[in-house]
Amino acid sequence: MSRLLALLLIVLFSAVPAGAAARLVSGVSNDTIQITSSFDGERLTFFGTIAPEAGSGQRYVEGPFDVVIVVLGPTQDRVAREKTHNFGIWLNTEQVEFKRFPSYFHVLSSRRLLEIADINLLNQNFILPEAHAMVPNIAGFMKTLVFGRELIRLMSEQGLFGVQENGVRFHSDTFYSAQLTLPSSAPPGPYIAQTYVFQNGEIIARKSEGFAVRKIAFERFLAQSATQYPLLYGIACVILALFTGWLGGVLFRR
Amino acid sequence: MQIYLPIAELSVNLFFLVGIGGAVGFLSGLFGVGGGFLLTPLLIFSGVPAPVAVASVTGQVVAASTSGALSHYRRGGIDLHLAMYLILSGILGAFGGVATFSVLRAAGQLDLVIAVGFVVLLGFVGILMLQEAVRALLKSRQGVVVRERLPNQHSWIHGLPWRVRFKKSRLYISVLPVLAIGLFIGFVGSLLGIGGGFVMVPALVYLLRVPGNVVIGTSLAQVVAMMAATTIMHAVQSQSVDILLAFCLMVGGTAGAQFGAAAGQHLRGEQLRGLLALLVLAVAIRFGLSLVLAPDDVFSMAVTSVVR
């Protein structure tokens, strides 16, 4: 009961400050991204406009605003491993597992993130990549810190994590758009795009949109067969191999 | 032209896949080996995750060995009785290999074991083959007629119990070494994604004294059956067989093998074996360097489970 009360108080007092009542009207260009056999990444456009709160009687909102868009992919359990030099060879000796780690994470913002808001506020809302690694972990604080940073670096090198601090462009005081190219290595699954509107270092509006990255047609059929009917799938692979081998022999026999 | 691989979940150039399939197929046709020991490393070095590479190449090896096995069968070059013993023990070994594969993958040591396995196995076989080929080349250059050891010469292997008569191979030997060879090749082959023909052939010739006219055919028949079983086991156990990847490799491989076989007729046996030995050693050295040299990045990552 007391917890509920506390929650209520937090909700009441953290409500948007008076005078900055704004809402976000936004959209995303694709609600599904289809993985076909020629899938080589896809470009997405996010756009929106900042409008007065409905029913507030305001005619217009006053800027300047900052917009931050956080795109999150499906979560996976992921490990980061470290190789060390033992007995003359390099082998994986230490590892830290990160449960429910985003498989894809990109932040687009209209300005440098640390100029937009305080680092604590950004971390609380999981806007900085590091926030995803710094969740409680049985490996202990120091190891989580080191391995988490390396994991984020590895993810960034593969284009799965990224921060584009000039990714959001304002076309007028209130209308913005942003483009994001999803790489072909982006894993299939449900994605969430969370858009935050900042003013004077505070979040004054937020909205989230979902889109899905899905294998379709033949790719979907293959991937589903492999996981749902593994025995039949394996047998099909063997029959295909035997047939291809036989056909090759027949075609090229002199 | 990019093609999306649904199990590996990445897109790769189609011509690259068919190309390396064809190149490796050419070499496998030239030397009469399956080519798995070249394809698996090539795929791993070009970015395909090791589990997917190993499991998919297993399927490609089936295709690459089928046409050879069929043509040997037509010519009566397969000792089915001997092959049956090898296949049964090979499948048993593959069970162990696939189970070990899953355990190692979860523990993060699969890449290490694959690298060490390639270094030890290929290094050992490569050195033996090179020695033998160089000796034969030198002797033939001096004009000395190479006297092969006769197939009926006895060794300790012929003193073992449970002897069985293999009519086609004209052998009356214990089944123990036969089963041991099958078991070993099944285990190593499924773990490393290789057919093991280049281990099987010398083992049959030098250990069991199987006559030359049935060695290749019997080995090929064993590779087809054992790798087929391994493909199914990988599909069930780790679900990492990418049928599209395997198919692209098969198409390139079966075509390349035909040209390789034609080219092989212009080279002499010792020269071929010498070249194959160099190739095998090169792969072993490449893996050895990756173990010994400081890696570019001491950190790596892997997905342990997918939460949807």
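This is a predicted model: local features need pLDDT of at least 70, side-chain atom pairs count only at pLDDT 80 or more; totals for chains, interfaces and linings use all residues.
Axes here are lines fitted to C-alpha atoms, for helices over the stretch in contact, and angles run from 0 to 180 degrees between N-to-C directions. With that in place, the axes of helix 3 of chain B and helix 8 (residues 212–237) of chain B come within 8 Å and cross at roughly 150 degrees. That makes helix 3 of chain B roughly antiparallel to helix 8 of chain B, given that angles under 35 degrees count as roughly parallel, over 145 as roughly antiparallel, 65 to 115 as roughly perpendicular and the rest as oblique.

Residues are numbered from 1 along each chain as its sequence is written, and chains are lettered from A and ligands numbered from 1 in the order in which they are written. Helices (H or I, at least four residues) and strands (E, at least two) are DSSP runs, numbered from the N terminus.

Let me start with confidence, where pLDDT is the predictor's own confidence in each residue, from 0 to 100. The model scores ipTM 0.78 and pTM 0.73. Chain A averages a pLDDT of 80, with 91% of its residues scoring at least 70, and chain B averages 81, with 93% of its residues at 70 or above.

Returning to helix 3 and helix 8 of chain B, their crossing is left-handed, meaning that the near helix is turned anticlockwise from the far one by less than a right angle, whereas clockwise would be right-handed. The residues that meet include B:Gly59, B:Ser65 and B:His72 in helix 3 of chain B and B:Gly217, B:Leu220 and B:His234 in helix 8 of chain B. By class, this contact of helix 3 with helix 8 has 12 nonpolar, 10 polar and no charged residues, where Ala, Val, Leu, Ile, Met, Phe, Trp, Tyr, Cys and Pro count as nonpolar, Asp, Glu, Lys and Arg as charged, and the others, Gly among them, as polar.

Helix 3 (residues 50–74) of chain B also packs with helix 2 (residues 36–45) of chain B, their axes coming within 9 Å and crossing at roughly 150 degrees. The crossing of helix 2 and helix 3 of chain B is right-handed, and the contact residues divide into 8 nonpolar, 3 polar and no charged.

A further pair is helix 5 (residues 110–142) and helix 6 (residues 175–192) of chain B, which pack at an angle of about 130 degrees with their axes 10 Å apart. That makes helix 5 of chain B oblique to helix 6 of chain B. Their crossing is left-handed, and the contact is made by B:Ile114, B:Gly117, B:Phe118 and B:Leu121 of helix 5 with B:Val188, B:Leu191 and B:Leu192 of helix 6.

Turning to annotation, an unreviewed UniProt entry places a "transmembrane region" at residues 231–252 of chain A, with the caveat that annotations may be inferred rather than shown by experiment, that positions are given in the numbering used here, and that feature names are shortened. Over residues 231–252, chain A is 100% helix and 0% strand in the model, with the end C-alpha atoms 32 Å apart.

Finally, the contact between the chains takes 53 residues from chain A and 51 residues from chain B. The largest share of the chain A side, 16 residues, comes from helix 7 of chain A, and that side divides into 25 nonpolar, 17 polar and 11 charged residues.

Note on methods: Two residues are in contact if their C-beta atoms, placed from the backbone, lie within 7 Å.
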